[in-house]
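Below are some short notes for a colleague who has not seen this structure before. Please read them beside the model.

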Amino acid sequence: MSPIWLEFERPIIELERKIEELHIITGEDNLQTKEKLTELKTELTKLKEDTYSNLTPWQRVQLARHPDRPYTSDYIKLIFDDFLELHGDRHFRDDPAIITGIGKINGKSVVLIGSEKGRKTKDRIYHNFGMAHPEGYRKALRVMKLGEKFNKPIIIFIDTSAAYPGIGAEERGQAQAIAENIKAMSTLKVPILIMITGEGGSGGALGIGVGDVVLVQEYAFYSVIPPEACAAILWKDASRAPEAAKSLKLTSKKLLEFKVIDGIIEEPDGGTHRDFKKAATILKETILKHLNYLSDIPTNVLVEKRIEKFANMGIYKKIKS
Amino acid sequence: MWFKTKKGIKPAPKREVPNGLWLKCNGCGEILYNKELAKNLWICEKCNYYFRISSKKYIEILTDEFTLKEDLIESDDPLEFKDYTEKLKSGKERSGAKDAIITGEAKIGKHRVAIGAMEFKFMGGSMGSVVGEKIKRIINLAEKEHIPFILVGASGGARMQEGILSLMQMAKTSGALARLGEAKVPYISILTNPTTGGVMASYASLGDIVIAEPNALLGFAGPRVIKQTIKQDLPEGFQRSEFLLEHGFLDAIVERKELKTTLIKILDFFNS
C-alpha cells in the first residue's frame, strides 16, 4: 500500500522523513546532529500543532475521505475476536457495501455492522465504494434483529458517502429500506453503539445510524448532503465544495454543539490513517466503556431514552401566540 | 437531502393555480377555465394532468372539519446559512403557510383523525426542525387520543439550510411513528408529486397503508442525481407512482377525486 498524502499533510511528512533519515544516518548519540534533531523535532511539533488546530472544514472532509483511512474491515481485525461475517438479506442478495457479522470483544459477544469502502480498486468496486443498496440496509436490519433476539449489543461503524443513487436501488425501494431501518432501530431492545469513522453521508448513514450512543471520530463528519452537491445547488459549481463544507457545519465539534451526537472520539496524531493500531485501541476502549454501562440499563428505559434523544433534536424558535 | 428535482420532474408544473380566469395545462397545453378546473380538483379534463395544489386545498378536499394546530414554533437559522432567512420569508409569502407543513385535528366522514399536509410552495416542502417537530407533535397527539394519523406528503426532502439538524428529523419522526405503531394507532400515508429524499426515506414510507396520486415522482434520490451517477438515461416512468406500485412499494394509486372516499373506506376498516 503506497501512502497517499493530502496537500496539507505533505510538509509534515517531509519533515518526519528528514528526521528519520538523519536519525538513521548518524544515530541519536552523535553530538553534532543531536542538536539539529532536537531542533527539527520542535519544528515538527509546532508544524503539526499549527496544521491540526487550524484545519478548515474542507480539510476535515478530506481527512474523513482519506483513501488510507482505516475501514470497518480493518477495525474488525484489530478490535474483535472470532469474527464471522454473515452475508445476505435473505431476500435478494448480499450487499458488500455493508459488512455484518458476529464477534467478541474482551470475551463479550456482539453484533457488528459497518460500511465498507474497500481498499484497492477491485475491492472498491466490489464494495461499491461503500454506497449501499436497499439489500444492504435490509441485511443490516436482519442481523440487528438477530442481536435483539439473542440479547447481544450492536456495534456499528459508519463510513459512507451516501446510499447508492441508481436504478436498481430505486426499484428495490431505497427510501423504504432506510425508513424501515430508522424506525426499527428506534425500538430495538438491545444497546446500539454507533461510531462514525469517516463520512457520515446523509440518509445513507442514518439508515444504520440510530443508536443509544452516537460518536464521531475527531476528523469524521456527518452531513445532510455532500458538500459538492450543496455547492452545485447554491452556486451551480461543485468545485466550491470547500465553501459548502464550511456552510454545512458538519465537523465533529459542531455536531456536538448541535446535540446530534453524544461525543467525539480522539484520533491519533494526524488522523486515524497515520496509526491504525492506535486508532483501533482508542476505539476498543471507547466501545468497552460504553457497552459497560449500556448493558446495565433496563431495556424499556434504554428504548425510551433513545427515542427521547432523537425526539429532542432540532433547533427552532418559540413564538408567542 | 436529495437535491433539486425541478429538472427531473416532467411535465413540471411551472406554477400553482393563479387567480386568472384561464390556465394553460402543463400536460397537454390545453387552455382551461379556472372555475371548471377547480371543480375538477385541479386535474386537466383533457389529459388527466395533476396540477400541484396547496396543503390547504388537500385539507379541504380530504376533510369535513379541520382545526389547525398552532404549535407556536418557527424556523430558526442555526447554521447561519446563506440566504436562509430570506428564503423563509419568501416561502411564507408565496405559500401563506408558516412553514412547509400544516397539521391539525379533523373529521373525515364520521372519523376523528390527526392530519398533516406538507406545503411544497414553502421551500419545496423541505423538512427542517420545525417540520419534524410539528410532525412529531401531531403523531404524539394521535397516539394520546388514539385517533388515526394521516399525512399528505409533498417534499423534495431534508432542508439543506438546517444541515444535520434536518437529517435528524427523519429519526425524530420515525421514532414517534414506532411508538404510534406500538399503540396500534393506524397511520395512512398519502404521497403526492413529488415526495423524495429524506421525507420519502422516513415517515412518508412508513404508513400502515401507503397510497399515492397517479404519476407522482416518488423516490429516494432525485432523477438528476441518478442520471449523473450512472451516466445513462432513465427508463420511461421511472420513480413514478405506477413504477412504485409495480415494484411493490405502494398499496394503491388513488385518483385525487377518490382520495376522500378511499380514506373513509380505510378508516372504516380500522374503526369497526
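1. The second largest cavity is lined by K183(A) together with L177(B), L180(B), G181(B), V185(B), Y187(B), L206(B) and D208(B). A cavity is a set of points on a 1 Å grid over the protein atoms alone where a 1.4 Å probe fits but cannot get out, and lining residues have an atom within 4 Å of a point. Helix α5 (residues 163-182) of chain B gives the largest share of this lining, 3 residues. Helices are DSSP runs of H or I with at least four residues, and strands are runs of E with at least two, numbered from the N terminus.

2. The model is predicted: local features need pLDDT of at least 70 and side-chain atom pairs 80 or more, while totals for chains, interfaces and linings use all residues. Residues are numbered from 1 along each chain as its sequence is written, chains are lettered from A in the order written, and side-chain values use heavy atoms, without hydrogens and water.

3. The volume of the second largest cavity is about 40 Å³, and that of the largest cavity is about 50 Å³. A volume here is the space filled by probe spheres set on the grid points, which are joined across faces, edges and corners.

4. Among the residues that line the largest cavity are R65(A), E199(A) and F221(A). Strands β5 (192-201) and β7 (221-223) of chain A each supply at least two residues of that lining.

5. E36(B) lies in helix α1 (residues 34-39) of chain B. E36(B) and I108(B) are 72 residues apart in sequence and 25 Å apart in space, C-alpha to C-alpha.

Technical notes
1 Å grid on protein atoms, 1.4 Å probe; cavity = no way out; pocket = protein on both sides within 12 Å on 5 of 7 lines; lining within 4 Å.
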